[in-house]
Amino acid sequence: MRFSEAWLREWVDPDISTEALAEQLSMAGLEVDAVEPAAPPFSGVVIGEVLECERHPDADKLSLCRVDIGADMASQIVCGASNVRAGLRVPVATLGAVLPGDFRIKRAKLRGVESHGMICSASELGLAESTEGILELPAEAPVGRDLRDYLALDDQCIDVDLTPDRADCLGLAGVAREVGVLNQVSVTEPTIESVKPQIDDELPVTLDAPAACPRYLCRIVRGIDPVAPTPGWVVEKLRRSGVRAISPVVDVTNYVMLELGQPMHGFDLARLSGGIKVRMAQAGESLELLDGSKQTLRDDTLVIADHDKALAMAGIMGGADSGVTSATRDVLLESAFFAPLAIAGKARSYGLHTDSSHRFERGVDPELQHRAMQRATALLLQIVGGQPGPVTEVSSTADLPRREPIMLRRTRVARVLGVDIDDATIVDILKRLGMQLVDTNGGWQVSVPSARFDLAIEVDLIEEIGRIYGYAKIPSALSSAPVSVTLRPEAEFSLAKAKRLLTHRGYLEAITYSFIAPELAAVLAPGEQPITLANPISADMSVMRASIWPGLVQTLQYNLARQQSRVRVFESGLTFARVDGEIKQRPKLAGLVYGETSAEQWSQATRQADFYDLKADLESLLGQVADLREFRFEAAEHPALHPGQSARVLRGKEPLGWIGLVHPAQQKTLDLPSGVYLFEIDLAPLRMGKVPQFASLSKFPAIRRDFALLVDRDLPYQRVLDTIEKVAPQIVKDIGLFDVYTGDNIDSSRKSLALSLILQGSSNTLTESDVEQASGVVLKALADDLGGKLRD
């Protein structure tokens, strides 16, 4: 919700600064996102009147104007705008003026003719992003007056980020009420009187879907002036609220929406057939909207229709075929209450989001429609004239929201808030919030305003009291409740410890969205059936992630776009999969490595990170759970990973996750550089580990034996290790691989593995016989099981 501070102060004007007002709103739960000036700084711009306008003698697209700026003599100004003409009131940047961007106005010659200033457009003054032609001011604008002063541009625009439950503040009236309560000052609302009908014309209305639309009001206004301009004060208030002025009818409905919080719509009466029907759409029915999009409607969508066709998506957007145009003379104004559940999610399901749907899906005051209709009628008659008919109302009382009184106990207030607030303060706060109170034994019976959908139970009222009273006034106190400490099993996996370990190894933690684009899911998790959201925030966040990799890859892309050539990131979080018709959540931990192994420095050469660097990081993480010998890395193929550089991670025989290089096809699709390595592991199988057991150190010397073993070229080292561990005597304490050789003097189908055995006795010094016997057992097993033999 964006609004002008000056507009707010027309309603309520507390004696506080802009900064204090913003802080006050934020502390009351209406978080202020931004406070921005209504116009950028400029000076020396005054209101002028074009007295004469002639064609430039040497340029077809330039005009030579004499402009009265309130000085002794009229100024000669060369202007290139197509809409400049005699009798027009315009903003004039005089000599010495400074425009936005520190652009200074100096005496200049344009095609040989002197120009003593500049007639400005709205965009040149920073009042619009783009415009065609100069800014036309009202005919009554006083010549010579400073433009900033005339338009009251020394104003601030306040942008409030409201939580979904505070729809009552999606209109200036609601914000003003909050400010009045917080500062204990009265709110001056504009006088809204009933506009008497001047004609008897009415349009019949039928409610075919009363549960979705319990109240519908409309009113005919005939004979409006189609060329009348929207007054500058309305245009400025709309602009400062982030809404573009379009035409008087549209501008009036937008003005009422911003002021009171009631979305409205105007139909071209001449383009309607019969009467109004509020009904559900027919499946497959089509409707072209005001934004030019063509929608094929579903049968769960509420529409406003005439007797022939759908006219608008109720509470979302009007149709192009019934919209108001520059030729419209007769208008049908609409003001309705649509049930929030009937509108919620519908706009997003069609790829839309409008100011109207934003309000209706959160809840509009069901008692506001009459007031809004009278306000809009009065403004419309003031701007474009016309003759109003009577207000037609059709409602379903049984389907309108019913609010039961809420019992509020004074003892409960003190117990929940932890502070005693006197009755007079409680009553004053609630009454200023628009509530009606009846004294009862021990408290009050409270009737809440129809606009406050968020107030339903006693604690809601207590929250309001605490919010307005001020959380800062509530003293801090230590809880007197007993505290129980649950001991974490020593063998339990610690995610926090794992994060610290990765951080120490140079990684940064990332937090990405659980919702991703379906295209990204198909590339990085091709084997998983994506879970599609019913009402996605946007098209690129429409499926739930089955892997954390998409978020990490997007993080890499973001960093690469900002010249970061070394990226090491990890993330922990939930992934989602459909199992037997149910959605299962799986906690996972994933990492990504790209670039050099270390930051560039003078003392050592750098190299690109590879598969084994990432494997070492993952092994260090797994090592906190149990002995690394419990974990295995088996060569396997994953559709998102390079077939020659990917492995499945297992704990015993239980699959744990994957590690590898991004597949070349995925690399090309995602426009990634080469050398991007990923890992991802399930955390559930790691939940419980093993506590290390102490073993005394042997006091006897260790002996090392090295072997060069010839094996098949494609034999994984893991099989060699498994074979040795299966047969090795107890005196074999460690097994190491310190070299792999292929090349000269080695058959092309074979490779040479240089192995080391560390042997040590626990009760005696080993003899040569002991060592030879243990080595023989190992070599025999390697020969029998793997065809390995010692290299000559």
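The model is predicted, so local features need pLDDT of at least 70 and side-chain atom pairs count only at pLDDT 80 or more, while totals for chains, interfaces and linings use all residues. Residues are numbered from 1 along each chain as its sequence is written, and side-chain values use heavy atoms, with hydrogens and water left out.

Start with the inside. A nonpolar core is a set of buried Ala, Val, Leu, Ile, Met, Phe, Trp, Tyr and Cys residues joined through side-chain atoms within 4.5 Å. Buried means under 20% relative accessible area, exposed means over 50%, and partly exposed is in between (1.4 Å probe, protein chains only). The largest nonpolar core has 47 residues, and the members that touch the most others are Phe-3, Leu-8 and Leu-25. Another core, of 39 residues, lies apart from it and includes Cys-213, Phe-267, Phe-338 and Ala-347. Contact, here and below, means heavy atoms within 4.5 Å. With neighbours within four places in sequence left aside, Phe-3 is in contact with Leu-8, Leu-25, Gln-156, Cys-157, Ile-158, Val-160, Leu-172, Val-175, Arg-240 and Ser-241.

Next come the helices. Helices (H or I, at least four residues) and strands (E, at least two) are DSSP runs, numbered from the N terminus. Two packed helices are described by the angle between their axes and the distance between the axes. Axes are lines fitted to C-alpha atoms, for helices over the stretch in contact, and angles run from 0 to 180 degrees between N-to-C directions. Angles under 35 degrees count as roughly parallel, over 145 as roughly antiparallel, 65 to 115 as roughly perpendicular and the rest as oblique.

Leu-25, named above in the core, belongs to the contact between α2 and α4. Helix α2 covers residues 18–27 and helix α4 covers residues 172–183; they pack at about 95 degrees, with axes 11 Å apart. The two helices are therefore roughly perpendicular to each other. On the α2 side the contact has Leu-21, Gln-24 and Leu-25, and on the α4 side Val-175, Val-179, Leu-182 and Asn-183. For classes, Ala, Val, Leu, Ile, Met, Phe, Trp, Tyr, Cys and Pro count as nonpolar, Asp, Glu, Lys and Arg as charged, and the others, Gly among them, as polar. By class, the contact of α2 with α4 has five nonpolar, two polar and no charged residues.

Helix α5 spans residues 232–240, and its buried residues are Val-234, Glu-236, Lys-237, Leu-238 and Arg-240. These pack against β1 (2–4), α1 (5–11), β11 (156–161) and α6. After α5 comes Gly-242, which has a positive phi near 85 degrees. The axes of α5 and α6 are 10 Å apart and meet at an angle of about 55 degrees, which makes the two helices oblique to each other. Their crossing is left-handed; a crossing is left-handed if the near helix is turned anticlockwise from the far one by less than a right angle, and right-handed if clockwise. Trp-233, Val-234, Lys-237 and Leu-238 of α5 make the contact with Asp-251, Asn-254, Tyr-255 and Leu-258 of α6. This contact has five nonpolar, one polar and two charged residues.

Helix α6 (residues 248–260) also packs with helix α10 (residues 369–384), at an angle of about 140 degrees and with axes 9 Å apart. That makes α6 oblique to α10. The crossing of α6 and α10 is right-handed. Their contact has 12 nonpolar, no polar and three charged residues.

Some single residues remain. Ser-752 is in strand β39 (residues 750–759) and counts as buried, at 4% relative accessibility. Val-438 is in strand β25 (residues 436–440) and is partly exposed, with a relative accessible area of 46%.

Most residues other than glycine have a negative phi, and most peptide bonds are trans. Asp-102 has a positive phi, near 60 degrees. It sits in the loop between β6 (89–99) and β7 (103–104) and counts as exposed, at 52% relative accessibility. Gln-563 also has a positive phi near 60 degrees. Gln-563 lies in the loop between α16 (549–560) and β31 (567–579), and at 67% relative accessibility it counts as exposed.
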